Amino acid sequence: MSQIRHATVEIQGRSIFFREAGDPDKPTLLLLHGFPTSSAMFRTLIPALAEDYHLIAPDHLGFGQSAMPTVEEFDYTFDNLTELTVGFLDTLGIERFAVYIQDYGAPIGLRIAAAHPERVTAIITQSGNAYMEGFTPFWDVLFAHAADRVTHEPEVRKLLELDATTWQYTHGVPGPRRSLISPDTWTLDQAYLDRPGNKEIQLQLFFDYKNNLDGYPTFQKYFAEHQPPTLIAWGEHDEIFGPDGARAYLRDLPDAELHLLDAGHFALETHGPEIAALIRDFLGRVLV
């Protein structure tokens, strides 16, 4: 089994941490994590695929082991996180890649794909939203916060506390699968969130998230025009990005492969082997 390598690289003067495994001469799969986690969410998927693929998983700026400049030192927007990710790929010399998008990874990965369609060989989306149908009532307070930060910030700050972090991992998970979720997941994520200044970073990204919706028509046009091979492996019981968001992909990508799993938002925690098998089969057919 291929071991995971851990490294950092300087992008625009910022230290970006990443995990890597597999032979760089084999097809690359870029893994883009969501909130509130880090590349640690791919800790079991990477070795499961590393025999056949080159896996690379960065921590977004402000997350995990990457640098964490304050909101005064860096403008935390999804546009800027995307620019850093493109710089990361270019610095490492990664020209073409398949991309796995989850949660925050979606607006970053899809910005890259829409701007550089020639670079993206395939898309794997796991609760990586690109359609209005994917939004659930969970987002009501976040969109209210985007319209009026002062009024709604106290309520939104609750999403940065341990109970909310734990809920992200445990909601929608059927009873027999709950024992598969390691408490290390939310403990680690909360430790990162509790670093001085990090909650302010997360609040800024909450505020900026509304701007991702302006990109949805561009993402959907990219899907319709370029028809990238797409695998949808989505937790059917996800209360953050609901399954209607998964089904919506088929409107522009009728040949996409849809799998709704008996899982919640962090489906890799409970269905890791199943998702790895789906990816291995899918990429084995489309990367020819």
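## Briefing on the predicted chain

Helix H8, spanning residues 198–208, is mostly covered, with nine of its eleven residues buried. The model described here is predicted, and its chain of 288 residues, of which 58% are buried, contains twelve helices and eight strands. The radius of gyration is 18 Å, close to the 19 Å that the globule rule gives for 288 residues, and the chain is therefore as compact as a globular protein of that length.

**Nonpolar cores**

- The largest nonpolar core has 60 residues, and within it Phe206, Tyr209, Phe223 and Tyr249 touch the most other members.
- Helix H2 (residues 78–91) supplies the largest share of this core, namely six residues.
- Apart from this core lies another, of 28 residues, whose members include Leu45, Ala98, Ile124 and Ala267.
- Phenylalanine 223, when its neighbours within four places in sequence are left aside, is in contact with Leu110, Ile123, Ala130, Tyr131, Pro228, Tyr249, Asp252 and Leu253.

**Helix H3**

- Nine of the eleven residues of helix H3 (residues 105–115) are buried, so this helix is largely enclosed by the rest of the structure.
- The buried residues of H3 are Gly105, Ala106, Pro107, Ile108, Gly109, Leu110, Arg111, Ile112 and Ala113, and one of them, Leu110, is in contact with phenylalanine 223.

- Strand E2 (residues 14–21) is mostly covered, since six of its eight residues count as buried.
- Strand E1 (residues 5–11) runs antiparallel to E2 and is joined to it by seven bridges, with valine 9 standing opposite isoleucine 16 in E2.
- Strand E4 (residues 54–58) is likewise antiparallel to E2, the two being joined by four bridges, and here phenylalanine 18 stands opposite proline 58 in E4.
- The hairpin of E1 and E2 has two residues between its strands, and in it glutamine 12 takes a positive phi near 50°.

**Parallel strands E7 and E8**

- Strand E7 (residues 230–235) pairs in the parallel sense with strand E8 (residues 257–261) over five bridges, and tryptophan 234 stands opposite leucine 260 in E8.

**Backbone details in loops**

- The peptide bond from phenylalanine 35 to proline 36 is cis, with omega near -5°, and proline 36 lies in the loop between strand E3 (28–32) and helix H1 (45–49).
- Glutamine 12, in the loop between E1 and E2, has a positive phi although it is a residue other than glycine.
- Glutamine 227 also has a positive phi in a residue other than glycine, with a value near 45°, and its place is in the loop between helix H10 (216–226) and E7.
- Glutamine 227 counts as partly exposed because its relative accessibility is 33%, which lies between the cut-offs of 20% and 50%.

**The chain as a whole**

- Taken along the principal axes, the C-alpha atoms of the chain fill a box of roughly 50 × 40 × 40 Å.
- Of the contacts in the chain with a separation of 6 or more, 76% are accounted for by residues 24 or more positions apart.
- The chain exposes about 11,500 Å², and carbon and sulfur atoms supply 53% of that area.

How values were computed:
Residues are numbered from 1 along each chain as its sequence is written. This is a predicted model: local features need pLDDT of at least 70, side-chain atom pairs count only at pLDDT 80 or more; totals for chains, interfaces and linings use all residues. Side-chain values use heavy atoms; hydrogens and water are left out. Buried means under 20% relative accessible area, exposed over 50%, partly exposed in between (1.4 Å probe, protein chains only). Two strands pair if DSSP finds at least two bridges between them. A nonpolar core is a set of buried Ala, Val, Leu, Ile, Met, Phe, Trp, Tyr and Cys residues joined through side-chain atoms within 4.5 Å. Contact means heavy atoms within 4.5 Å. The radius of gyration is taken over C-alpha atoms; the globule rule is 2.2 Å times the number of residues to the power 0.38. Accessible areas come from the Shrake-Rupley method with a 1.4 Å probe; for residues, only the protein chains shown count as cover.
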